[in-house]
Amino acid sequence: MTRDSHSKNTGFLRAHRLRAAGVACVALTAALLTGCGQDSGSTSTTTKTSEAARAVPEATSPSPSGSESASPGQMTEDQKERKELISATKVTYDKAITTAEGAVKGSKLIELELMSAEDAANEDGASSSPSPTGSPSPTGSPSPTGSASPTGSASPTGSASPGSGPQWVATVAAKTGTKHKVHIDAVSGKVVSSAEDSGQETADKARTVKQMTEAKQTPEQAAQAATAKKKGTVTSLELDENDQGTLVWKTDVVTEDWKKTTFDIDASNGSVTHEETDTD
């Protein structure tokens, strides 16, 4: 009896120890599996966070090419005005010449200049450009009643309203030497206004006829001679005598740096007789 009881007790203890060891093993295995899962997830999260941290600065920080150019701050006021005026202009000088000469039958261009609408209005000595009938109108053309339109909108003829953009201001002369001032919208190319210059004397007309006869070079040819010397945008042409009494086409060319160079082009043979750059 004693031996059997001892054997039973010994077997019970051994089974209890085995069950305890099994439980401990299961717990240890679970802990290891949990730890491995957490390590794996932690590593994955850390990797994603690290990649995001590297990507965000590259996406948000400005590149050197996106930085503002220092050139605008270095430009003079005159250069800034030229840039603004030319950038807003859609009609080239040669098209403006054709339009101006077409506005006055049988005329030839003797002067052309690209101006802001404000300067163009002041060119005529009034706040508004003259209409074809000579009566001022905010739209550049007479309204049916002769009074200004309250909306300031374009006239029925489609002429642009002064003040809406840059203008080509042209002076053309008829065969008699009579001068006419023609304003052309530098965006649409339409005639804003056309009127005969007032107060012209007989001697002035005779002088104009003489100059037109002596000028063998057209304004277009003078412009081409100037831009062949210096590439740029033609903003002004004028038939006049220089200090030596030679008849020339004074031609302004604005280059890419927005500086203006004035050329004297001999009106008889197209040669460049003088060149001067305005550094302002």
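## Buried, exposed or in between

A residue is called buried when its relative accessible area is under 20%, exposed when that value is over 50%, and partly exposed in between. Lys80 has a relative accessible area of 33%, so it is partly exposed. Keep in mind as you look around that this is a predicted model.

## Salt bridges around helix 3

How many salt bridges are there? The count comes to seven. Let's start with Lys80, which forms one with Glu77; their closest N and O atoms are 3.9 Å apart. The two sit three residues apart in helix 3, so about one helical turn separates them. Glu77 is exposed, because its relative accessible area is 53%.

Now take Arg82, which pairs up with Asp278 in a salt bridge whose closest N and O atoms are 3.3 Å apart. Arg82 belongs to helix 3 and Asp278 to strand 8, so this pair ties together parts that lie 196 residues apart in sequence. Arg82 is buried, at 12% relative accessible area, while Asp278 counts as partly exposed at 25%.

Helix 6 (residues 202-214) holds both Lys210 and Glu214, four residues apart, or about one turn of the helix. These two also form a salt bridge, with 2.6 Å between the closest N and O atoms. Lys210 is partly exposed at 47% relative accessibility, and Glu214 is partly exposed too, with a relative accessible area of 36%.

Which residues form the negative surface patch? They are Asp78, Glu81, Glu84, Glu113, Glu118, Asp119 and Asp280. Two elements give two or more residues to this patch: helix 3 (77-88) and helix 5 (117-123). Helix 3 gives the most, with three residues.

At 60% relative accessibility, Glu118 counts as exposed.

## Strand 3 and its two partners

Is strand 3 largely enclosed or largely open? Six of the seven residues in strand 3 (residues 179-185) are buried, so the rest of the structure largely encloses it. On one hand, strand 3 pairs with strand 2 (residues 167-173) in the antiparallel sense, over seven bridges. Thr171 stands opposite Lys181 of strand 3 here. The two strands make a hairpin with five residues between them, and Gly177 in the turn has a positive phi of about 95 degrees.

On the other hand, strand 3 pairs with strand 4 (residues 191-196), again antiparallel, over five bridges. His180 faces Glu196 of strand 4, and Ile184 stands opposite Val191 of strand 4. This pair is a hairpin as well, with five residues between the strands; Gly189 in its turn has a positive phi of about 85 degrees.

## Two pairs to trace along the chain

Ser271 lies in the loop between strand 7 (260-266) and strand 8 (272-278), and it counts as partly exposed at 31% relative accessibility. Ser271 and Ala225 are 46 residues apart in sequence, and their C-alpha atoms are 7.4 Å apart in space.

Glu241 is part of strand 5 (residues 233-241). At 36% relative accessibility, Glu241 is partly exposed. Ala267 is 26 residues away from Glu241 along the chain, with 9.4 Å between their C-alpha atoms.

How values were computed
Residues are numbered from 1 along each chain as its sequence is written. This is a predicted model: local features need pLDDT of at least 70, side-chain atom pairs count only at pLDDT 80 or more; totals for chains, interfaces and linings use all residues. Side-chain values use heavy atoms; hydrogens and water are left out. Patches are made of residues with over 30% relative accessible area and no salt bridge: like charges are joined within 9 Å, nonpolar side chains (Val, Leu, Ile, Met, Phe, Trp, Tyr) within 5 Å. Accessible areas come from the Shrake-Rupley method with a 1.4 Å probe; for residues, only the protein chains shown count as cover. A salt bridge is a side-chain nitrogen of Lys or Arg within 4 Å of a carboxyl oxygen of Asp or Glu. Lys and Arg count as positive and Asp and Glu as negative; His and the chain ends are not counted. The place of a charge is taken as NZ of Lys, CZ of Arg, CG of Asp or CD of Glu. Buried means under 20% relative accessible area, exposed over 50%, partly exposed in between (1.4 Å probe, protein chains only). Two strands pair if DSSP finds at least two bridges between them.
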